[in-house]
Amino acid sequence: MARGGRVCSSSFCSPHQYCRTLASSVASNSKHYDVIIAGGGAVGSVLARLLLNDSESLSLSNRRRRPLRVALLEQRACPPSLESITTSSQDNSNNSGSKTLTPNARAYALSPTSLSYLGSSVLQHLQNSNRLGIYDSMQIWEHDGPAQLHFTGEDLDAAVKSGRLVDLHRFIESNEQQRQGQSTARHSSRPWLGAVVEDAPLVTGEDLDAAVKSGRLVDLHRFIESNEQQRQGQSTARHSSRPWLGAVVEDAPLVSAVWDELRKDERIDLIDNVQITSISAPSQSAMGNIEPPPPVEMLCTKQAANKNEGSKEEEYTLSADLLVAADGANSFVRRTLGSSFPMITHSYDRKAVTCTVELDIRKGDMAKTAFQRFLPHGPIALLPVWNSLSEMNYMDSPIYANVVWSTTPSEANHLLSLSHSDFITTLNHHLCQGPNVNASLLSNKQAIPNIPIIGTLAKEMDSLLRTANTALTMGTWTESPSRNYFRMPPRSARVVGPIIGFDLKLSHVKQGYTAPRVALVGDAAHTVHPMAGQGLNLGMGDVYSLSELIKEAVDSGMDVGGTGLFLDRYNQERMVKGWGIVGGVHGLHELFRCSGVPPGRDSNESTPHVGKAVGAVESIVGLGRSIGMNVVNGLGPMRRAFAEAAAGAAFTR
């Protein structure tokens, strides 16, 4: 099926999705591009959208940027359109008599800055399709102490008002206003004479101005606009106007929404079902010479689009001024060019268990809140996701949430072996518990010195620290009732869909994100623990930084990938940011591994038995961490700084 020069290469494609085959894009089995992006997932597709979205930068100058020749290569079949996903789910619901579609467990928590990189049209498409799990509140607490952290959208007000953070409400509204402006650009704003006029005398709308202004004649423009505003007001009345802390988006709808935008643009070749078999990239010594390094070349194989051709494959040679590896943690590009990209890896000896659950509540009780409780073996998070709500069955629609539980491999395997009902029981037991009190560091009598004076001082200091921490917690409860009171997370009723497990590890490129005519983005360059939800957000920062530098190189009339200036800047920016995020998340992981339960104390949630000295140190660190959490929560400027950093706000110097 062809449309606008595009040919769908996937046998199952709907009328709403179009991709280029290599045959339609490549003449004589070879083609050259400015940028080739290997990997059409979330990171790769957003990079492609950012490269093509040059309206903002062009508005700042009178020049016209040379169009970039971009190719997006996807090993799998091109994703279905977001419309077809929504339509098929509604059809299945109507045919079965009940809603069978539920949120997928593979989802991301995106910050406001990362959401803005999607573009206002993509973001509005996701919101209108009800595929955003928006949250403007977050509650974090520990299992072995009273400490809590409460973040709300108000913590981002200063950043939004100062322009350091995007206002997503206005960001989405701007696209709606632009769309409405385009649809009404052909209509006059002067008063109507009527809908149909035949044999009318020469009369214009200006002749009715006086009647309209005096109120003797209805202004049909405002009359229609008032109905539209009322409709929009009803649809947004259920949404909070305060800034978002983030939104949970499933992988498949996210990728489909971005691909829907890319399919509209003829400047990009979307090539699916393609496999890169070999890569020839210039050596490091080629940079810095008078002559630019040769382009990177790739040999690709393409599965035949016609089912009757069986397993026939065709070979093509593609070349580019810049090859971007966006093909995930097991990146073929990075592994093929392994000498240029050595990696540092660290196993957390942890495994994540994730699934979608239906909550035992009705709409409103989740309150757009993300919950996270830290257990001794790792955090457990309950995140809001989209829900199949409508005006007709408002009270009867199920409410879903995404569970991400990080723990030891043995405990994770045990969770994966449980029946769904037993898993729900275990989940509710560990998540639906409130704050605790700090246990005494001196509960183990062997830890108390035999010297009477020192022993007495130690007991008094221990009691003072625990009392002070409890006082800090109680004090923040009364600061702002809308923010600081503890709220018990909703209980889960049943598991929906499969329960998935995957190993957790830290990885980061050792020397840099770039090589001659090659750049890494996303998981191809780094992976982090999911406890802070920074994995895809870090990748989104990569693609935004790289896209801006590529467009700057084009505006300067310079080679996109053959000039070390721009690639070196990208490498320096992202190495600092990448190691900062990876190191910070790793530090939090190690900090929360320290339990406040004293050594020798029996507890079903305590850490495994370790040496007495090590256990004492961990208990002291655990108490210090608990006090630190309360201090951060109680000090507004410090709490807001943490919230702004997580949201991706720009910092002023």
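Two strands count as paired here if DSSP finds at least two bridges between them. Keep that in mind for the sheet stops below.

**Before you click: confidence**

You're looking at a predicted model, so colour by pLDDT before anything else. The protein averages 78, and 67% of the residues score at least 70. Select residues 1–17: pLDDT stays under 50 there, although the model gives this stretch 54 contacts beyond four places in sequence. Then try residues 56–62, where pLDDT is also below 50 and the model has four contacts beyond near neighbours in sequence. Where pLDDT is low, the predicted coordinates should not be read in detail.

**Stop 1: the three-strand sheet**

Select S5, S9 and S6. Together they make an open sheet in the order S5-S9-S6, with antiparallel pairing. The edges are S5 (107–110) and S6 (133–135), each of which pairs on one side only. From one strand to the next, the twist averages 20 degrees.

Zoom in on S6 and S9 (residues 246–250): the two run antiparallel and are joined by three bridges.

**Stop 2: an asparagine in a loop**

Go to Asn130, in the loop between helix H6 (120–128) and S6. Check its phi: the value is near 60 degrees, positive in a residue other than glycine. Most residues other than glycine have a negative phi. Asn130 is partly exposed, with a relative accessible area of 29%.

Asn273 sits in the loop between strand S10 (268–271) and strand S11 (274–280), and it has a positive phi of about 55 degrees although it is not a glycine.

**Stop 3: the S7–S8 hairpin**

Select 137–142 and 148–152. These are S7 and S8, which pair in the antiparallel sense over five bridges. They form a hairpin with five residues between them. Across the pair, Met138 has Phe151 of S8 as its bridge partner.

Is S8 buried or exposed? Five of its five residues are buried, so the strand is largely enclosed by the rest of the structure. Show the side chains and you'll find both faces covered: Gln148, His150 and Thr152 are buried on one side, and Leu149 and Phe151 on the other.

**Stop 4: the nonpolar cores**

Which residues touch the most other members of the largest nonpolar core? Out of its 83 residues, those are Leu118 and Leu254. Centre on Leu118 and show what surrounds it. Leaving aside neighbours within four places in sequence, Leu118 is in contact with Val46, Arg49, Leu110, Leu123, Leu126, Leu254, Val258 and Met540. A second, separate core has 34 residues, including Val248, Leu506, Val528 and Ala647. In soluble globular proteins, nonpolar side chains tend to be buried together.

**Stop 5: helix H2**

Val46 and Arg49, from that list of Leu118 contacts, are both buried residues of H2. Select the whole helix, residues 42–52: 11 of its 11 residues are buried. Among them are Ala42, Gly44, Ser45 and Leu52.

**Stop 6: helix H17**

Met540, another contact of Leu118, takes you to H17, which spans residues 535–555. This helix has 21 residues and reaches 31 Å from its first C-alpha to its last, close to the 30 Å expected at 1.5 Å a residue. H17 is mostly covered, with 16 of its 21 residues buried.

Pick Ala553 in H17. Ala553 is buried, with a relative accessible area of 0%. Not counting residues up to four places away in sequence, Ala553 touches Met558, Asp559, Val560 and Phe566. Just after H17, Gly557 takes a positive phi of about 75 degrees.

**Last stop: helix H14**

Finish with residues 420–431. H14 has 12 residues and reaches 16 Å from its first C-alpha to its last, close to the 16 Å expected at 1.5 Å a residue. Which residues of H14 are buried? Highlight Phe423, Ile424, Leu427, Asn428, His430 and Leu431. As you look down the helix, remember that an α-helix has 3.6 residues a turn, so residues three or four places apart point the same way.

Notes. Residues are numbered from 1 along each chain as its sequence is written. This is a predicted model: local features need pLDDT of at least 70, side-chain atom pairs count only at pLDDT 80 or more; totals for chains, interfaces and linings use all residues. Side-chain values use heavy atoms; hydrogens and water are left out. Buried means under 20% relative accessible area, exposed over 50%, partly exposed in between (1.4 Å probe, protein chains only). Helices (H or I, at least four residues) and strands (E, at least two) are DSSP runs, numbered from the N terminus. A nonpolar core is a set of buried Ala, Val, Leu, Ile, Met, Phe, Trp, Tyr and Cys residues joined through side-chain atoms within 4.5 Å. Contact means heavy atoms within 4.5 Å. pLDDT is the predictor's confidence in each residue, from 0 to 100. Axes are lines fitted to C-alpha atoms, for helices over the stretch in contact, and angles run from 0 to 180 degrees between N-to-C directions. The expected span of a helix is 1.5 Å times one less than its number of residues.
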